[in-house]
Amino acid sequence: MAKNYIRYNKEKTIDWGQIENGIVYPLNVGDLSTKELLDFLKKNPIKSNTTNFSVKQASILSPVTAPCQIICQGANYRQHLVESGLDPDDKSYNMFFTKSDASLSNPIGKIIRPNHVKLLDYEIELGIVFGKSINSKIEVNSKNVSDYVAAFFMANDVSARDIQLPQMQWYKGKSYRTFLPAGPVLAVLEPGDFDLLNSLELTLLVNDQIRQHDTASNLVFKPAETISELSQFCNVSPGDILITGTPSGCALRAPGKLVQKIGGLLSEKKKWKLFIKGQSKRTEYLKPGDIVKSSIRSADRRIDLGDQILEVVQES
């Protein structure tokens with residue numbers, strides 16, 4: 001069964017601890033990076049017999065630390081593709097992009113909407129932490145995938161659609177500070193845990209209304225084949241992460257095919273002005289004061305990545 005760890009700040013000291021039923025057992029290792037923590041756990045697999053405290057007594061930090069490489073998959077859930085006007089059975093390639101590690105932020109806290117952004121969107125995603133270097137082309141399958149995946153965590157790939165799409169700047173539109181809340185839990189996998197991937201349920205609510213709900217069984221490209229493809233062109237180090245795409249239910253709705261054809265006849269400036277005007281009518285986009293809650297867990301709780309609670313605030 002996966003062991004859950006949190007990175008926290010208590011009395012101005014940052015540390016890691018194992019968490020069970022809301023009780024934190026400090027590791028007393030200090031502010032290790034995610035990679036350093038994984039190395040530590042390999043050498044010290046047994047929980048030390050230390051004092052403990054309630055998780056409510058600490059501020060929970062992102063369990064993913066910078067610097068790290070953040071690799072992302074786009075349009076990777078079947079219903080999300082359908083919602084985007086695409087046929088998931090026709091998808092023959094993995095869509096990769098990256099985010100800046102400056103976007104990493106805490107799982108209980110704030111999403112800051114930049115003053116020039118109006119179309120702020122949410123994307124709950126399952127994240128995986130690499131536990132082994134990849135420096136050449138490899139073949140990963142169900143038998144050896146757990147050699148490369150050390151841990152699961154929850155992420156929100158927050159996106160400024162009015163930057164990402166009109167400027168064709170995915171990196172910029174998805175990388176503003178606080179645009180990648182991560183955690184609260186780093187679930188370090190034990191043998192057999194990776195097999196629970198398909199049973200993980202992802203749920204995101206805005207102001208207590210469900211916006212996204214799906215299971216990882218509906219991933220189009222699963223981690224094994226994705227890592228194989230990544231290894232053809234990308235080096236990966238322990239502590240780097242992959243976030244695996246988001247289910248349907250985002251605020252963004254792709255215009256219909258007829259509207260897209262008409263848009264193709266317009267200048268770029270006119271087309272995107274109309275796009276932003278049309279999307280601005282959608283009340284689903286995040287605004288200051290909204291509360292975003294999300295969770296990822298299996299029904300039997302053998303894997304439970306905790307709960308994120310985030311308030312949207314305007315840049316000051």
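In helix α8, Trp-272, Phe-275 and Gln-279 are buried, where buried denotes a relative accessible area under 20%, exposed one over 50%, and partly exposed a value in between (1.4 Å probe, protein chains only). Helices (H or I, at least four residues) and strands (E, at least two) are DSSP runs, numbered from the N terminus. The model is predicted: local features need pLDDT of at least 70 and side-chain atom pairs count only at pLDDT 80 or more, whereas totals for chains, interfaces and linings use all residues. Residues are numbered from 1 along each chain as its sequence is written, and side-chain values use heavy atoms, with hydrogens and water left out.

Viewed along the axis of α8, the buried residues fall within an arc of 50°, so they line one face of the helix; the arc is that of the directions from the helix axis to the C-beta atoms. An α-helix has 3.6 residues a turn, so residues three or four places apart point the same way. The buried residues of α8 pack against α4 (161–164), contact being defined as heavy atoms within 4.5 Å. Lys-269, Lys-273 and Lys-277 are exposed on the other side of α8. Of these, Lys-273 counts as exposed because its relative accessible area is 62%. The C-alpha atoms of Lys-273 and Asp-162 are 9.6 Å apart in space, although 111 residues separate the two in sequence. As for its length, α8 comprises twelve residues (268–279), which at 1.5 Å a residue should span 16 Å; the end C-alpha atoms are 16 Å apart, so the two values agree. The expected span is 1.5 Å times one less than the number of residues.

Helix α6 (residues 223–230) is largely enclosed by the rest of the structure, because six of its eight residues are buried. These are Pro-223, Ala-224, Thr-226, Ile-227, Ser-228 and Leu-230. The elements against which the buried residues of α6 pack are β6, β7 (95–99), β11, α3 (145–148), β12 and β18 (241–243). Ile-227 is in contact with Ile-128, Phe-130, Ile-134, Ile-138, Val-140, Val-145, Tyr-148 and Val-149, neighbours within four places in sequence being left aside.

Ile-227 also belongs to the largest nonpolar core, which has 63 residues; Ile-227 and Phe-152 have the most contacts inside this core. A nonpolar core is a set of buried Ala, Val, Leu, Ile, Met, Phe, Trp, Tyr and Cys residues joined through side-chain atoms within 4.5 Å. At least three residues of this core come from each of domain 1 (3–60) and domain 2 (70–314). Another core, of 25 residues, lies apart from it and includes Leu-27, Leu-32, Leu-38 and Leu-180.

The division of the chain into domain 1 and domain 2 rests on bounds from an automatic or database domain assignment. The centres of the two domains, taken over C-alpha atoms, are separated by 27 Å. Their contact takes twelve residues from domain 1 and 15 residues from domain 2.

Strand β12 (residues 149–156) is mostly covered, with eight of its eight residues buried. Strand β11 (residues 124–130) runs antiparallel to β12, and seven bridges join the two; strands pair if DSSP finds at least two bridges between them. Within this pairing, Ile-124 has Asn-156 of β12 as its bridge partner. β12 also pairs in the antiparallel sense with strand β15 (residues 186–188), over two bridges. Here Ala-151 stands opposite Val-188 in β15.

Several backbone features lie in loops. Most residues other than glycine have a negative phi, and most peptide bonds are trans. The peptide bond from Ala-66 to Pro-67 is cis, with omega near 5°, and Pro-67 lies in the loop between β5 (59–61) and β6 (70–74). Gly-183 and Pro-184 are likewise joined by a cis peptide bond, with omega about 15°; Pro-184 is placed in the loop between β14 (180–181) and β15. Glu-11, a residue other than glycine, has a positive phi near 55°. Glu-11 is located in the loop between β1 (3–10) and β2 (13–20) and is exposed, at 69% relative accessibility. Phi is also positive for Arg-301, near 65°. Arg-301 occupies the loop between β19 (291–298) and β20 (304–314) and counts as partly exposed, at 47% relative accessibility.
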